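Please keep the sequence and the model in view while reading.

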Amino acid sequence: MGMGWPLRMFQEEGLYFVTSRCFQGRLLLRPSAEVNEVVGGVLARAVQQSDGTVRLHAFAFASNHFHLLVWARGAALASFMQYLRSNLSKKVGRLVDWSGGFWERRYSAEPVLDDTALVGRLRYVLAHGVKEGLVERSAEWPGLTCLPQLLGPARRLFQWFNWTKRWSKRGSEDLAGETGRFAEQWAEPVELEVAPLPCWKGLGEEERQRAVRGLVEEVEAEARARNKPVLGAHAVRAQHPHTRPEHLKHSPRPLGHASTRQALRELRERYRAFVAAFREAAAQWERGNFSASFPLYSFPPRVVPGRIAQVL
């Protein structure tokens, strides 16, 4: 049985660093006031729909990818990401007039195993725009990031455009003259909350904000030391969303993030055992024994009469 992608191993509950890239690295998420509002609304709605099984700790939306730092229970991350990515592709795709595939491949979700690694991942999220030489300061990035919520009120309101409501009103007088999918009458306010990192829970709000400012200052000082020209927020906003970059940086995804080699070794061992158990159960299914059980929080292959569909 072919395995197109590495199998996902979810934790009973845990933290993940999540990345998703646009198709061919195109700038489909290129920042604008409209895109930021729609992205914020979709993200807030996705967290809301998860009903407490996913918590958001940090996020940054670049022009052609996004990063999230989340806590999730069991396999809840899978449905959260499915909801988030499908709604972003529909709604942002409509805004930027893109009808093809929106995402390049499936997202990556790497477990973050300790507090040092967690703060390191937060620093990575906050560095967006600065480390790539797009803006001088993190706060100047024109796209949506968690920085304002980490340095100010943790909750922020966005508009969720309820297309289901619009669809239910089709043909009625209510729709006359208001056919736009982003019309005010389909907008519902939705609150997006950024939860403090678990390792910072004992800190007061001012201490947390000081820690965030410290990370941002480090990132900006490193960028200044490189002494390279900066593109600037205006030029970022002026890029066409359909643009396909000439060079894309593809770095191999780590299995997880930890501050010690020992923790990563243990993760690799757990993962090997998980894959072996999954393959053994899949082999049993191929032989028609559907009572064989798959590892916890994994998704069995789809059963097609006479054969087993490929594991996605």
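Setting aside neighbours within four places in sequence, Phe80 is in contact with Leu43, Ala46, Val47, Ser50, Val54 and Leu68, where contact means heavy atoms within 4.5 Å. The model is a predicted one, in which local features need pLDDT of at least 70 and side-chain atom pairs count only at pLDDT 80 or more, while totals for chains, interfaces and linings use all residues. Residues are numbered from 1 along each chain as its sequence is written, and side-chain values use heavy atoms, with hydrogens and water left out.

Phe80 is also among the residues with the most contacts inside the largest nonpolar core, together with Phe59, Phe61, Leu68, Leu77 and Leu84. That core has 65 residues. A nonpolar core is here a set of buried Ala, Val, Leu, Ile, Met, Phe, Trp, Tyr and Cys residues joined through side-chain atoms within 4.5 Å. Buried means under 20% relative accessible area, exposed means over 50%, and partly exposed lies in between (1.4 Å probe, protein chains only). Helix 2, residues 76-95, gives the most to this core, with 9 residues. A second, separate core has 10 residues, including Tyr271, Ala282, Ala292 and Phe294. In soluble globular proteins, nonpolar side chains tend to be buried together.

The chain as a whole comes next. Its secondary structure comes to 8 helices and 8 strands; helices (H or I, at least four residues) and strands (E, at least two) are DSSP runs, numbered from the N terminus. Of the 312 residues in the chain, 46% are buried. Among contacts between residues at least 6 apart in sequence, 74% join residues at least 24 apart.

Leu28 sits in the loop between strand 1 and helix 1, and counts as buried because its relative accessible area is 0%. Beyond four places in sequence, Leu28 is in contact with Cys22, Ser63, Val92, Val96, Trp98, Phe102, Pro241 and His242. The C-alpha atoms of Leu28 and Val96 are separated by 6.9 Å, although the two residues are 68 residues apart along the chain.

His128 belongs to the loop between helix 3 and helix 4 (147-151). With a relative accessibility of 5%, His128 counts as buried. Not counting residues up to four places away in sequence, His128 touches Ala60, Ala62, Leu134 and Trp141. Leu134 is also a contact of Val230, as are Gly133, Val135 and Glu136, again leaving aside neighbours within four places. Val230 lies in the loop between helix 6 and helix 7 and is partly exposed, at 34% relative accessible area. Val230 and Glu132 are 98 residues apart in sequence, with their C-alpha atoms 8.7 Å apart.

Strand 1 (13-21), strand 3 (65-73) and helix 3 (115-126) are the elements that give two or more residues to the lining, and strand 1 gives the most, with 3 residues. The lining divides into 11 nonpolar, 12 polar and 7 charged residues; Ala, Val, Leu, Ile, Met, Phe, Trp, Tyr, Cys and Pro count as nonpolar, Asp, Glu, Lys and Arg as charged, and the others, Gly among them, as polar.

Two loop residues stand out by backbone angle. Most residues other than glycine have a negative phi. Asp51, in the loop between helix 1 (33-49) and strand 2 (54-61), has a positive phi near 55 degrees. Asn227, in the loop between helix 6 (205-226) and helix 7 (233-238), has a positive phi of about 55 degrees. Asp51 counts as exposed because its relative accessibility is 68%, and Asn227 counts as exposed at 68%.
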